[in-house]
Amino acid sequence: MAMLTPHQLQSFNSQGYLVIESFASNDEIESMMKRMEQLLHDFDPSSTASIFSTKNQQKLTDDYFFESAERVSFFFEERAFGDDGNLKQPKQLSINKVGHALHEIEPAFKKFSSSEKTSSLFRSIGYKRPVIMQSMYIFKQPGIGGEVVPHQDNSFIYTEPQTCTGLWLALEDATILNGCLWAIPGSHKNGLVRRFFRDEDGVKFDRPSPSYDQKDFVPIEVKAGSLVVIHGNLIHQSFENQSSKSRHAYSLHVVDTDGCKWAPENWIRRKVEPEPLYVIVN
(Lines give C-alpha, C1' and ligand atoms only; values in the text may rest on other atoms or scores of the structure.)
Protein backbone atom coordinates (compact mmCIF):
# COMPACT_ATOMS: atom_id res chain seq x y z
CA MET A 1 0.00 0.00 0.00
CA ALA A 2 1.56 3.27 -1.09
CA MET A 3 1.70 6.23 1.23
CA LEU A 4 -1.15 8.72 0.97
CA THR A 5 -0.86 11.04 -2.00
CA PRO A 6 -0.43 14.79 -1.43
CA HIS A 7 -4.01 15.22 -2.68
CA GLN A 8 -5.34 12.70 -0.13
CA LEU A 9 -3.40 14.37 2.69
CA GLN A 10 -4.68 17.78 1.65
CA SER A 11 -8.24 16.46 1.59
CA PHE A 12 -7.86 14.85 5.02
CA ASN A 13 -6.39 18.00 6.54
CA SER A 14 -9.13 20.13 4.97
CA GLN A 15 -12.19 17.94 5.59
CA GLY A 16 -11.13 16.04 8.73
CA TYR A 17 -11.83 12.68 7.14
CA LEU A 18 -10.75 10.65 4.14
CA VAL A 19 -12.35 7.70 2.34
CA ILE A 20 -9.96 5.11 0.89
CA GLU A 21 -11.85 2.66 -1.29
CA SER A 22 -10.88 -1.04 -1.46
CA PHE A 23 -8.51 -0.69 1.52
CA ALA A 24 -9.34 -4.19 2.75
CA SER A 25 -9.46 -7.24 0.49
CA ASN A 26 -12.40 -9.62 0.31
CA ASP A 27 -10.25 -12.24 2.03
CA GLU A 28 -9.49 -9.90 4.94
CA ILE A 29 -13.16 -9.01 5.34
CA GLU A 30 -14.24 -12.64 5.19
CA SER A 31 -11.58 -13.65 7.72
CA MET A 32 -12.69 -11.06 10.27
CA MET A 33 -16.41 -11.67 9.78
CA LYS A 34 -16.06 -15.45 10.04
CA ARG A 35 -14.01 -15.15 13.21
CA MET A 36 -16.59 -12.83 14.75
CA GLU A 37 -19.33 -15.27 13.80
CA GLN A 38 -17.46 -17.97 15.73
CA LEU A 39 -16.83 -15.69 18.72
CA LEU A 40 -20.55 -14.92 18.91
CA HIS A 41 -21.44 -18.58 18.57
CA ASP A 42 -19.23 -19.39 21.57
CA PHE A 43 -20.42 -16.43 23.67
CA ASP A 44 -22.77 -17.17 26.58
CA PRO A 45 -25.14 -14.18 26.97
CA SER A 46 -25.99 -15.19 30.53
CA SER A 47 -22.41 -14.37 31.52
CA THR A 48 -23.03 -10.64 31.08
CA ALA A 49 -25.78 -8.16 30.39
CA SER A 50 -23.55 -5.18 29.67
CA ILE A 51 -25.18 -2.61 27.42
CA PHE A 52 -23.34 -0.01 25.37
CA SER A 53 -24.76 3.48 25.03
CA THR A 54 -23.34 6.74 23.73
CA LYS A 55 -26.16 8.59 25.49
CA ASN A 56 -25.80 7.31 29.05
CA GLN A 57 -22.68 5.22 29.46
CA GLN A 58 -22.22 6.49 33.03
CA LYS A 59 -25.26 4.61 34.28
CA LEU A 60 -24.48 1.55 32.24
CA THR A 61 -20.73 1.38 32.87
CA ASP A 62 -19.44 -1.43 35.04
CA ASP A 63 -16.22 -3.34 35.68
CA TYR A 64 -16.91 -5.45 32.61
CA PHE A 65 -16.68 -2.31 30.48
CA PHE A 66 -13.44 -1.11 32.10
CA GLU A 67 -11.79 -4.52 31.85
CA SER A 68 -12.68 -4.76 28.15
CA ALA A 69 -9.70 -2.49 27.38
CA GLU A 70 -7.50 -5.59 27.37
CA ARG A 71 -10.09 -8.25 26.54
CA VAL A 72 -12.63 -9.32 23.96
CA SER A 73 -15.95 -8.29 25.53
CA PHE A 74 -19.53 -8.24 24.28
CA PHE A 75 -21.96 -5.32 24.59
CA PHE A 76 -25.67 -5.50 23.84
CA GLU A 77 -27.94 -3.00 22.12
CA GLU A 78 -30.11 -0.92 24.47
CA ARG A 79 -33.27 -2.36 22.91
CA ALA A 80 -32.09 -5.98 22.93
CA PHE A 81 -33.88 -6.96 26.14
CA GLY A 82 -37.58 -7.26 26.88
CA ASP A 83 -39.32 -6.16 30.09
CA ASP A 84 -38.70 -9.64 31.47
CA GLY A 85 -34.95 -9.15 31.18
CA ASN A 86 -34.55 -11.72 28.41
CA LEU A 87 -33.22 -11.15 24.90
CA LYS A 88 -36.00 -10.41 22.43
CA GLN A 89 -34.15 -12.05 19.55
CA PRO A 90 -31.09 -14.29 18.99
CA LYS A 91 -27.82 -13.06 20.52
CA GLN A 92 -26.29 -12.70 17.04
CA LEU A 93 -28.89 -9.98 16.33
CA SER A 94 -28.71 -8.36 19.77
CA ILE A 95 -25.06 -7.38 20.09
CA ASN A 96 -24.07 -3.72 19.65
CA LYS A 97 -20.32 -4.22 19.53
CA VAL A 98 -17.40 -6.40 20.59
CA GLY A 99 -14.25 -4.74 21.96
CA HIS A 100 -11.80 -3.44 22.87
CA ALA A 101 -8.67 -5.56 22.31
CA LEU A 102 -9.53 -7.58 19.20
CA HIS A 103 -6.41 -6.14 17.53
CA GLU A 104 -4.19 -7.75 20.19
CA ILE A 105 -5.95 -11.00 21.00
CA GLU A 106 -7.62 -12.24 17.81
CA PRO A 107 -5.23 -13.17 14.94
CA ALA A 108 -7.58 -12.23 12.08
CA PHE A 109 -8.03 -8.74 13.50
CA LYS A 110 -4.40 -8.38 14.57
CA LYS A 111 -3.22 -9.22 11.06
CA PHE A 112 -5.25 -6.40 9.52
CA SER A 113 -4.65 -3.91 12.34
CA SER A 114 -0.87 -4.35 12.29
CA SER A 115 -0.54 -4.69 8.52
CA GLU A 116 2.01 -2.74 6.53
CA LYS A 117 -0.74 -0.78 4.79
CA THR A 118 -2.10 0.38 8.15
CA SER A 119 1.39 1.38 9.27
CA SER A 120 2.01 3.18 5.97
CA LEU A 121 -1.14 5.17 6.50
CA PHE A 122 0.08 6.47 9.85
CA ARG A 123 3.54 7.19 8.47
CA SER A 124 1.80 9.34 5.86
CA ILE A 125 -0.03 11.32 8.53
CA GLY A 126 3.23 11.84 10.42
CA TYR A 127 3.01 9.45 13.38
CA LYS A 128 6.39 8.44 14.84
CA ARG A 129 5.39 5.81 17.40
CA PRO A 130 1.71 4.92 16.90
CA VAL A 131 -0.15 2.51 19.15
CA ILE A 132 -3.66 1.12 18.80
CA MET A 133 -5.55 1.95 22.01
CA GLN A 134 -8.79 0.18 21.19
CA SER A 135 -10.57 -1.83 18.53
CA MET A 136 -14.25 -2.53 18.06
CA TYR A 137 -16.40 -4.73 15.86
CA ILE A 138 -19.63 -2.76 15.39
CA PHE A 139 -22.78 -4.53 14.18
CA LYS A 140 -25.47 -1.85 13.68
CA GLN A 141 -28.13 -4.54 13.81
CA PRO A 142 -31.20 -4.52 11.52
CA GLY A 143 -34.07 -2.67 13.16
CA ILE A 144 -32.44 -2.13 16.58
CA GLY A 145 -28.95 -0.91 15.60
CA GLY A 146 -28.78 2.16 17.83
CA GLU A 147 -27.92 5.78 17.17
CA VAL A 148 -24.41 7.05 17.91
CA VAL A 149 -24.75 10.69 18.91
CA PRO A 150 -22.43 13.42 17.57
CA HIS A 151 -19.00 13.11 19.16
CA GLN A 152 -15.24 13.52 18.75
CA ASP A 153 -12.85 10.62 19.27
CA ASN A 154 -10.37 12.81 21.15
CA SER A 155 -12.98 13.13 23.91
CA PHE A 156 -12.48 9.47 24.81
CA ILE A 157 -8.91 8.78 23.63
CA TYR A 158 -7.13 11.89 24.90
CA THR A 159 -3.42 12.64 24.70
CA GLU A 160 -1.43 15.83 25.22
CA PRO A 161 -1.01 17.04 22.55
CA GLN A 162 -4.13 15.50 20.97
CA THR A 163 -3.22 12.72 18.51
CA CYS A 164 -6.17 10.32 18.17
CA THR A 165 -7.04 9.16 14.67
CA GLY A 166 -9.90 6.75 14.01
CA LEU A 167 -9.97 4.09 11.30
CA TRP A 168 -13.45 2.87 10.37
CA LEU A 169 -13.51 -0.09 7.99
CA ALA A 170 -16.78 -1.02 6.30
CA LEU A 171 -17.16 -4.81 6.39
CA GLU A 172 -20.53 -4.43 4.67
CA ASP A 173 -21.90 -1.64 2.48
CA ALA A 174 -22.82 1.38 4.62
CA THR A 175 -25.80 3.40 3.38
CA ILE A 176 -28.04 6.15 4.71
CA LEU A 177 -30.76 3.57 5.30
CA ASN A 178 -28.66 1.13 7.34
CA GLY A 179 -26.86 3.74 9.45
CA CYS A 180 -23.74 5.00 7.67
CA LEU A 181 -21.43 7.58 9.22
CA TRP A 182 -22.25 11.29 8.98
CA ALA A 183 -19.73 14.07 9.58
CA ILE A 184 -19.42 17.86 9.61
CA PRO A 185 -16.62 18.56 7.11
CA GLY A 186 -13.93 20.82 8.54
CA SER A 187 -15.30 20.64 12.10
CA HIS A 188 -11.97 19.24 13.34
CA LYS A 189 -10.49 22.73 12.95
CA ASN A 190 -12.64 24.09 15.78
CA GLY A 191 -10.87 22.12 18.50
CA LEU A 192 -12.06 19.70 21.19
CA VAL A 193 -15.52 20.41 22.59
CA ARG A 194 -15.52 18.24 25.73
CA ARG A 195 -13.75 15.36 27.43
CA PHE A 196 -14.88 12.02 28.84
CA PHE A 197 -13.39 11.45 32.31
CA ARG A 198 -13.02 8.43 34.54
CA ASP A 199 -12.80 8.91 38.30
CA GLU A 200 -13.67 7.01 41.47
CA ASP A 201 -17.39 7.47 40.73
CA GLY A 202 -17.23 6.06 37.21
CA VAL A 203 -17.23 7.98 33.92
CA LYS A 204 -18.73 11.30 32.86
CA PHE A 205 -18.32 14.19 30.43
CA ASP A 206 -16.87 17.42 31.78
CA ARG A 207 -19.58 19.48 30.07
CA PRO A 208 -22.84 19.01 28.12
CA SER A 209 -22.80 18.31 24.41
CA PRO A 210 -23.34 21.30 22.16
CA SER A 211 -26.33 21.20 19.85
CA TYR A 212 -25.58 20.72 16.17
CA ASP A 213 -27.48 21.67 13.05
CA GLN A 214 -28.20 18.45 11.20
CA LYS A 215 -27.97 20.36 7.91
CA ASP A 216 -24.21 20.66 8.51
CA PHE A 217 -23.68 16.89 8.41
CA VAL A 218 -22.94 14.98 5.22
CA PRO A 219 -23.43 11.22 4.80
CA ILE A 220 -20.41 9.01 4.20
CA GLU A 221 -21.85 6.13 2.21
CA VAL A 222 -19.19 3.54 1.38
CA LYS A 223 -18.83 0.07 -0.07
CA ALA A 224 -17.53 -2.91 1.89
CA GLY A 225 -13.74 -2.75 2.07
CA SER A 226 -13.61 1.04 2.17
CA LEU A 227 -11.75 2.73 5.02
CA VAL A 228 -12.79 6.03 6.56
CA VAL A 229 -9.89 7.85 8.26
CA ILE A 230 -11.25 10.17 10.96
CA HIS A 231 -9.44 13.09 12.61
CA GLY A 232 -9.76 12.98 16.40
CA ASN A 233 -11.63 16.29 16.53
CA LEU A 234 -14.05 15.62 13.67
CA ILE A 235 -17.72 15.81 14.72
CA HIS A 236 -19.35 12.62 13.46
CA GLN A 237 -22.34 10.42 14.20
CA SER A 238 -24.54 7.64 12.87
CA PHE A 239 -28.28 7.10 13.00
CA GLU A 240 -30.33 4.02 13.78
CA ASN A 241 -30.39 1.20 11.26
CA GLN A 242 -33.80 1.49 9.61
CA SER A 243 -33.20 -1.33 7.16
CA SER A 244 -33.44 -5.10 7.25
CA LYS A 245 -29.68 -5.42 6.63
CA SER A 246 -26.84 -5.17 9.12
CA ARG A 247 -23.96 -2.69 8.76
CA HIS A 248 -20.89 -4.41 10.16
CA ALA A 249 -17.72 -2.34 10.62
CA TYR A 250 -14.33 -2.69 12.28
CA SER A 251 -12.97 0.37 14.04
CA LEU A 252 -9.54 1.26 15.46
CA HIS A 253 -8.39 4.26 17.48
CA VAL A 254 -4.70 5.09 17.29
CA VAL A 255 -2.56 7.65 19.14
CA ASP A 256 1.05 8.72 18.80
CA THR A 257 3.27 8.05 21.82
CA ASP A 258 6.32 9.99 20.64
CA GLY A 259 6.36 13.18 22.71
CA CYS A 260 2.71 12.65 23.65
CA LYS A 261 1.26 11.91 27.09
CA TRP A 262 -1.64 9.53 27.67
CA ALA A 263 -4.15 11.24 29.98
CA PRO A 264 -4.59 9.32 33.27
CA GLU A 265 -8.28 10.41 33.35
CA ASN A 266 -9.07 8.39 30.20
CA TRP A 267 -11.42 5.46 30.70
CA ILE A 268 -8.79 3.09 29.30
CA ARG A 269 -6.27 2.19 32.00
CA ARG A 270 -4.11 -0.63 30.76
CA LYS A 271 -2.05 -2.95 32.92
CA VAL A 272 0.26 -3.75 29.99
CA GLU A 273 1.58 -1.07 27.66
CA PRO A 274 0.52 -1.60 24.02
CA GLU A 275 3.15 -2.39 21.42
CA PRO A 276 3.72 0.34 18.80
CA LEU A 277 2.99 -0.41 15.15
CA TYR A 278 6.46 0.92 14.37
CA VAL A 279 9.04 3.35 15.78
CA ILE A 280 10.72 6.15 13.83
CA VAL A 281 13.98 7.15 15.49
CA ASN A 282 14.89 10.80 15.07
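Cys180 is buried, with a relative accessible area of 0%. Buried means under 20% relative accessible area, exposed over 50%, and partly exposed in between, using a 1.4 Å probe and protein chains only. The model is predicted, so local features need pLDDT of at least 70 and side-chain atom pairs count only at pLDDT 80 or more, while totals for chains, interfaces and linings use all residues. Residues are numbered from 1 along each chain as its sequence is written, and side-chain values use heavy atoms, with hydrogens and water left out.

Cysteines were examined for disulfides, defined as pairs of cysteine sulfur atoms within 2.5 Å. The count comes to zero. For Cys260, the closest cysteine sulfur is that of Cys164, 12 Å away, which is too far for a bond.

Secondary structure was assigned from DSSP runs, with helices (H or I) of at least four residues and strands (E) of at least two, numbered from the N terminus. Two strands pair if DSSP finds at least two bridges between them. Seven strands form an open sheet with antiparallel pairing, in the order 1-12-7-14-4-3-2. Strand 1 (17–20) and strand 2 (72–76) stand at its edges. Each has a single partner strand, so one side of each is left without a neighbour in the sheet. From one strand to the next, the twist averages 20 degrees. Axes are lines fitted to C-alpha atoms, for helices over the stretch in contact, and angles run from 0 to 180 degrees between N-to-C directions.

Strand 7 pairs with strand 12 in the antiparallel sense over five bridges. The bridge partner of Trp168 in strand 12 is Val228. Strand 7 also pairs with strand 14, again antiparallel, over six bridges. Here Leu169 stands opposite Tyr250. Strand 14 in turn runs antiparallel to strand 4, and eight bridges join them. Gln134 stands opposite His253 of strand 14.

Helix 1 (residues 6–15) lies across strand 1 and strand 12. The helix runs at about 140 degrees to strand 1. Contact means heavy atoms within 4.5 Å. Ser226 is found in the loop between strand 11 (218–220) and strand 12 (227–231). Its relative accessible area is 3%, so Ser226 counts as buried. Leaving aside residues up to four places away in sequence, Ser226 touches Val19, Ile20, Glu21 and Ser22, together with Trp168, Leu169 and Ala170.

A second open sheet has four strands in the order 5-13-8-11, with antiparallel pairing. Strand 5 (148–151) and strand 11 stand at the edges. One side of each is left without a neighbour in the sheet, because each has a single partner strand. The twist averages 25 degrees from one strand to the next. Strand 8 (residues 181–183) and strand 11 pair in the antiparallel sense over three bridges. Leu181 stands opposite Ile220 in strand 11.

Strand 9 (residues 196–199) and strand 10 (residues 202–205) are joined by a hairpin through two residues. Four bridges pair the two strands in the antiparallel sense. Side chains alternate along strand 9. The bridge partner of Phe197 in strand 10 is Lys204.

Pockets were located on a 1 Å grid over the protein atoms alone, as open sets of points with protein on both sides within 12 Å along at least five of seven lines; a 1.4 Å probe defines where points fit, and lining residues have an atom within 4 Å of a point. Grid points are joined across faces, edges and corners, and a volume is the space filled by probe spheres set on the points. The second largest pocket has a volume of about 240 Å³. Its lining comprises 15 residues, of which Met133, Thr257, Trp262, Glu273 and Pro274 lie nearest its centre. Strand 4 (130–138), strand 14 (249–256) and strand 15 each supply at least two lining residues.

Pro276 is found in the segment after strand 15 (261–262). Pro276 counts as buried, at 19% relative accessibility. Apart from residues up to four places away in sequence, Pro276 touches Arg129, Pro130 and Val131. Pro276 and Asp27 are 249 residues apart along the chain, and their C-alpha atoms are separated by 25 Å.
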